[in-house]
Structures are given as structure tokens and as C-alpha cells.
Amino acid sequence: MKGRNKGFIIAIVICISLSLTAISVCANPARRGKGDRRSRFGMESIFKKGGWRDKSKWWDKGEWGEQEDSEEDSITNEEEILDEEIPRDSEGTQKDVTTEDTQMGDTQIEDSTTEDVTDEGQSAIGSTDAPTASGDIGYSRVVESASSAVSSAKVCSSVSQLESAINSASAGTVIYMKAGAYSNAELYIDAKGSASNYITIKNYPGDKVEFTNSTVTFASSAKYVKFEGFILKDYTPNDDWGSCVSFEGGASYIDFKNNEISNIKCRGTGEVGVNAIVLTGDSSSSINNVTIENCYVYNCKTGWSEAITTDGNVENCVIKNCTVDNTGNIGIDLCGNFSWTGTVGSDTNQSRNILVTKNKVMNCNSDYATSAGIYCDGGRDNTISYNIVYNSQCGIELGAEEKGADVKNFEVFGNTVVNCGRAIGAGAYLSTGAKHYNTNVYDNTIICNKANKWGENCAIFLERTTGFNFKNNIVYLKSSSTSFIETSGSADYTLSGNTWYVEGGSGSKPSQDTTGVFKNPNIENLDNMLNGIF
């Protein structure tokens with residue numbers, strides 16, 4: 001009898017444990033954890049008391065550590081090109097942005113863009129004071145004229161020639177790859193330029209260069225390198241986990257620009273994954289001063305991984321003007337405190353001081369987790385600004401998934417989040433004991449239309465968070481069945497000066513927002529935005 005009772009009790013305990021695990025998995029906001037992590041805040045906060053923004057961040061100053069006194073750089077003309085709007089035809093299809101000239105290394109050529117460009121679908125928010133980002137948001141294809149080619153460049157027409165040119169490159173070397181479809185390449189870039197003379201690896205101006213089933217790895221010794229103008233597609237790793245483009249710990253001052261990555265797929269199903277782009281810092285040295293700019297990642301099957309990811313010891317990097325579309329899981333992810341990236345609990349084992357700005361992230365939906373368009377999973381001190389996130393299970397999430405993995409200090413402003421079941425989320429999982437501190441969310445536009453496949457249907461979701469400040473935002477609900485705010489566990493937050501509205505005018509603002517208003521914000525191009533036209 002005692003034995004049967006004991007077995008019965010054990011069975012009950014196991015059932016309860018499994019039930020709690022299932023509940024935790026269903027409630028977990030964005031990605032499945034892959035290792036224990038714990039965050040410790042060990043650097044001076046980028047936030048200032050009494051203010052919403054500290055405008056002295058390193059990216060606002062234009063300072064890049066060692067690069068500070070270098071080429072302001074050889075990217076001036078390129079940035080002017082990228083800040084142009086995407087021209088569209090009558091059906092809204094993107095056209096190429098054609099330029100006659102570019103600038104590489106120390107050779108400056110005048111910019112002579114050949115056509116004026118506008119984006120007829122660009123959204124505008126009416127009757128608000130919200131700031132707007134200058135220039136375009138998302139990817140614009142850059143097509144250069146052959147006349148802009150540098151005469152002294154090394155020109156390659158095979159993978160072996162390209163590998164040889166990379167291995168022998170010195171500061172200031174320009175390497176071109178001629179048009180073609182190349183397959184099964186494994187480019188390992190350990191070249192090192194200088195702050196004033198980057199090594200440039202790019203497509204021959206005007207040529208279409210495709211790599212299929214190929215990988216690119218930036219070695220820990222890679223520094224002062226530009227990699228531009230390539231198409232990477234149709235890659236599936238041989239193992240359960242892999243990546244198409246990867247950065248090893250220590251890689252720094254890398255410009256990864258104007259590249260397209262598509263049809264990157266994990267092998268099989270189950271607990272497998274592949275990253276389109278991943279920066280994996282380690283305990284010995286950080287990955288730093290990497291810019292991922294004007295890239296297009298689309299139509300991928302990343303499994304439990306993500307499209308663009310920073311893991312662990314990664315700092316002072318920028319992800320900007322990229323478009324991420326239909327990747328099967330999270331779009332952009334800033335992670336920390338993995339066991340394979342350093343000591344769990346170390347204050348350097350976190351993605352930090354990362355700027356994610358002016359990206360367009362769309363259709364991030366998973367069959368097994370709540371996928372966010374932009375997610376911070378264990379990182380800290382990061383800024384997410386002027387992005388568009390559309391039709392994803394979650395819009396922007398600031399979370400901590402692992403046991404003891406506290407996260408803190410985020411600025412989220414100027415973003416537009418549309419058609420996401422959970423638009424803005426912050427906090428740590430109740431099951432982990434982790435905590436979330438100090439987030440400022442302001443001047444964003446949130447448009448909620450429908451629940452995601454998990455039944456989540458709210459503008460703000462908070463779980464185990466302290467110091468969440470939500471100010472001067474617009475929150476527009478298409479249906480009264482959508483909640484303004486949902487909380488789980490302890491949630492300390494403040495609301496102030498926001499505009500709240502439910503279509504049709506039936507409802508009221510949250511009572512906590514004493515300075516907010518319930519009124520129609522008259523969002524221009526609302527119907528277009530609900531259909532993904534921005």
C-alpha cells in the first residue's frame with residue numbers, strides 16, 4: 001500500500017512538473033533558450049536620470065573607437081546612395097537604385113545618382129509630434145556602373161582566385177568578383193586592413209555575383225574589411241546547427257553591406273537551426289564595431305535560430321537599413337549569457353551597445369514559438385529606433401529567457417509596429433527567476449489588428465519587469481477584443497502622455513495614464529500599413 005501511495009504521489013509530481021513546463025513554453029515570448037544565462041550590469045548606463053535620451057552615444061558622435069580618426073570614411077557617398085528612397089513602379093515593386101560612381105578605399109569619386117527616387121508608399125502619421133527618421137527605412141538595391149571600378153583592383157573570376165586574393169590582401173586592397181553563379185564556396189576571411197585603408201571585397205560594379213550553398217566566415221583576426229554587393233542563397237548546413245555568414249570572437253571593424261541572403265534553411269525538423277548572419281563573441285575577445293547595413297534577408301527557414309543575430313560578447317555594432325522578411329522565426333535578435341559564448345553571468349557575455357535602426361522586419365512567424373520581429377534575449381544597453389515591424393507574432397520584445405539572466409537599459413523609440421499579436425513586450429520569464437529593468441519606450445506608433453496564432457492580442461505585454469516607462473506613444477486598436485496592456489507576475493510600469501484609441505471610438509484610456517488621451521490619432525495611410533505598404 002505504501003509503495004502504491006508513493007508511486008501515485010511521484011506520478012502526481014511528474015504531471016504537475018510537466019504541466020508547468022508546458023505552461024512556461026506556451027507563455028515564453030520569443031525563442032527557445034539554448035543555454036543557461038545570467039546578466040550582470042557592469043558598465044556605465046547609457047541612460048541619464050531625468051531624460052529620455054542620452055544623445056552622447058558613440059554612434060551619435062560618429063566615433064568608432066580605433067576608427068575615430070580614420071576615413072570619415074570611405075562610405076560618405078555610399079551612405080548618400082542608401083539614404084535615397086526606393087523607387088517603385090505602379091504596382092509598388094522595388095526598382096534598382098543605379099549609381100554611376102562609388103567610393104572605395106582611399107579613392108573618392110563624385111556621386112552622380114542617375115535618377116531621382118521617391119517612395120510613394122512611405123507612411124506618415126498625422127496630427128502627432130512624433131519624430132521621424134531621416135532617409136529610407138529598409139533595403140535598397142544598389143547597382144553601380146562599371147565606370148566606377150577602381151583600376152588598381154584585383155579582379156577575380158573563380159572562387160580559388162578570390163580566396164587567393166583575400167589571403168594576400170593588405171591595407172587598401174580592393175578585390176572584385178566578376179559576374180557568375182558560384183557554388184559550394186567556403187570563404188574564410190582573416191584579412192586585416194587599417195583604420196584609414198580598409199580591405200574591400202565586392203562584386204565588380206554592375207555585375208551580379210551569386211554564391212549558392214556557400215558560407216562566409218570572418219575570422220577572429222579579421223579587421224577593417226568591407227564585404228559588399230553579393231547574393232548568398234540556397235544554403236543548408238550539414239549539421240543540426242549552422243550559419244551562412246558568421247563572425248568569430250575578436251572580429252572587428254567589418255562593414256557588411258548591400259548583400260542579399262535568401263533560402264537559408266535548417267536541415268530537417270525538431271531542435272535544429274541555421275542563422276543567415278550571426279556574430280558570436282566569446283570570453284576572450286568581443287566582436288565590435290561591425291556594421292550590417294542595407295542587407296536583404298528573406299524566405300528562409302531558420303528553425304530555432306534567427307535571421308540576424310548577435311550572441312554573447314558583442315558590442316558597439318550597428319544593424320541598419322536592412323529588410324528581413326519571412327524567415328520562419330525571429331528577425332533580429334540581440335542575445336546574451338550563453339554557456340558557449342563565455343561565462344554565464346559575466347557582464348561581458350551580453351550583446352550590448354547595439355543600435356538597431358531603420359530596418360524593415362516583416363512576417364516573422366513560427367510554428368513552435370512566439371517569434372518577434374526584433375528581440376533582445378539577454379542583451380543590455382541597446383537602442384531600437386525608427387524600425388518598421390509588420391505582421392509578426394510579436395513586434396519588439398525585450399526579454400530574458402534563462403535562469404538569472406537579468407537584462408536592463410533599453411531605449412525603444414520612433415518605431416512603427418503593425419499587425420503583431422503582441423506589439424511590445426518586456427520582461428523575464430516567470431519560470432526562470434530573471435528580471436528586467438529600466439526600459440524607455442516612447443514616440444512609437446502601434447497598430448494592433450488581430451491576435452497571433454497563440455491567441456496573444458495586446459499592445460503591451462509585461463512580465464517580471466521594473467522601471468518600464470511608456471511615454472508619448474500612439475496605440476491604435478482595430479478591435480475592442482485587443483487589450484491595451486496585459487501583465488503576468490510583477491510588473492512595475494508608468495504610462496504618460498500617450499494617445500490611446502479603439503477603432504469606432506468605444507473604450508477608454510488606461511487609468512494609469514493620467515496625462516494621456518483617448519482620441520483618434522488620424523493615422524495617415526492606415527489601410528496601406530495594415531496591408532504592409534509603408
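## Basis of the values

The model is predicted: local features need pLDDT of at least 70, side-chain atom pairs count only at pLDDT 80 or more, and totals for chains, interfaces and linings use all residues. Residues are numbered from 1 along each chain as its sequence is written, and side-chain values use heavy atoms, with hydrogens and water left out.

## Parallel strands around β21

Strands are DSSP runs of E with at least two residues, numbered from the N terminus. Two strands pair if DSSP finds at least two bridges between them. Strand β21 (residues 332-335) runs parallel to strand β18 (residues 308-311), and three bridges join the two. Within this pairing, Thr310 has Leu334 of β21 as its bridge partner. Strand β21 is also joined to strand β24 (residues 372-377), again in parallel, by four bridges; here Ile332 stands opposite Ile374 of β24.

Both faces of β21 are covered, with Ile332 and Leu334 buried on one side and Asp333 and Cys335 buried on the other. Buried means under 20% relative accessible area, exposed over 50%, and partly exposed in between (1.4 Å probe, protein chains only). In the loop between β20 (323-325) and β21 lies Thr327, which is buried at a relative accessible area of 0%. Leaving aside residues up to four places away in sequence, Thr327 touches Val297, Cys300, Lys301, Thr302, Ala307, Asn363 and Cys364, where contact means heavy atoms within 4.5 Å.

## Parallel strands around β19

Strand β19 (residues 314-320) is mostly covered, six of its seven residues being buried. Five bridges pair β19 with strand β16 (residues 287-293) in the parallel sense, and Asn288 has Glu315 of β19 as its bridge partner. Strand β22 (residues 352-357) likewise pairs with β19 in the parallel sense over five bridges. In that pairing Glu315 stands opposite Arg352 of β22.

## Cysteines

A disulfide is a pair of cysteine sulfur atoms within 2.5 Å, and the structure holds zero of them. For Cys420, the nearest cysteine sulfur belongs to Cys394 and is 7.1 Å away. Cys420 counts as buried, at 1% relative accessibility. Cys458 is also in no disulfide; its nearest cysteine sulfur, that of Cys448, is 7.3 Å away. Cys458 counts as buried at 1% relative accessibility.

## Aromatic pairs

Rings of Phe, Tyr and Trp (its six-membered ring) pair if their centres lie within 6.5 Å; planes under 30 degrees apart count as stacked, over 60 as edge-to-face and the rest as tilted. The whole structure contains 23 aromatic pairs by this search. One of them joins Phe211 and Phe230 in a tilted arrangement, 5.8 Å centre to centre with 55° between the planes. Phe211 lies in strand β8 (residues 209-212) and Phe230 in the loop between β10 (223-228) and β11 (231-235), so the pair ties together parts that are 19 residues apart in sequence. Both Phe211 and Phe230 are buried.

## Charged side chains

A charge sits over a ring if NZ of Lys or CZ of Arg is within 6 Å of the ring centre and within 35 degrees of the ring normal. Lys178 lies over the face of Tyr204 at 4.1 Å from the ring centre, and Arg422 lies over the face of Phe461 at 5.0 Å.

A salt bridge is a side-chain nitrogen of Lys or Arg within 4 Å of a carboxyl oxygen of Asp or Glu; the whole structure holds 13. Glu144 forms a salt bridge with Lys202, with the closest N and O atoms 2.6 Å apart. Glu144 belongs to strand β2 (residues 142-144) and Lys202 to strand β7 (residues 199-203), so this pair ties together parts that are 58 residues apart in sequence. Both Glu144 and Lys202 are buried. Asp367 and Lys453 meet in a further salt bridge at 3.7 Å, N to O. That pair links distant parts of the chain, 86 residues apart, and Asp367 is exposed at a relative accessible area of 63%. Lys208, Glu210 and Lys233 are linked in a network of salt bridges.
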